[in-house]
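Please open the model in your viewer and keep the selection tool at hand, as this tour moves from one stop to the next.

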Amino acid sequence: MKPSVALQAHRDRIRSVVESHGARNPRVFGSVVHGTDGETSDLDLLVDPIEGRTTLLSLVRIKRDIEAITGVATDVLTPMSLHERFRQAVLAEALPV
């Protein structure tokens, strides 16, 4: 399944997963935003950590749960985990889930 189709079908559940694991403001970026995603593309998500709640384990759980729901490989990143070279470009293109 294309990540864009999976996102559309499971948008509410993806938001719930992010919130239940201590993060907020899920946004999509990459091939889904550009309209170039295919059957082998992954779903690129950006989330904002919540101080004192979001841990590396939280991000792993978000990834695992979204992959289980959608059946699509997923990358979950925070703004500060993006390389500074392309951080601003990703933040500018990211769209709310």
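**First stop: the sheet**

Select the strands to begin with: four of them form an open sheet in the order β3-β2-β1-β4, with mixed pairing. Here strands (E, at least two residues) and helices (H or I, at least four) are DSSP runs numbered from the N terminus, and two strands pair if DSSP finds at least two bridges between them. Because β3 (74-77) and β4 stand at the edges, each with a single partner strand, one side of each is left without a neighbour in the sheet. This is a predicted model, in which local features need pLDDT of at least 70 and side-chain atom pairs count only at pLDDT 80 or more, while totals for chains, interfaces and linings use all residues. Residues are numbered from 1 along each chain as its sequence is written, and side-chain values use heavy atoms, with hydrogens and water left out.

Next, select β2 (residues 43-49), which pairs with β3 in the parallel sense over four bridges; Leu43 stands opposite Thr74 in β3.

**Last stop: Val97**

Now select Val97, in the segment after β4 (95-96). Is Val97 buried or exposed? Val97 is buried, with a relative accessible area of 5%, where buried means under 20%, exposed over 50% and partly exposed in between (1.4 Å probe, protein chains only). Leaving aside residues up to four places away in sequence, Val97 touches residues including Leu7, Arg11 and Leu45.

Note on methods:
Contact = heavy atoms within 4.5 Å.
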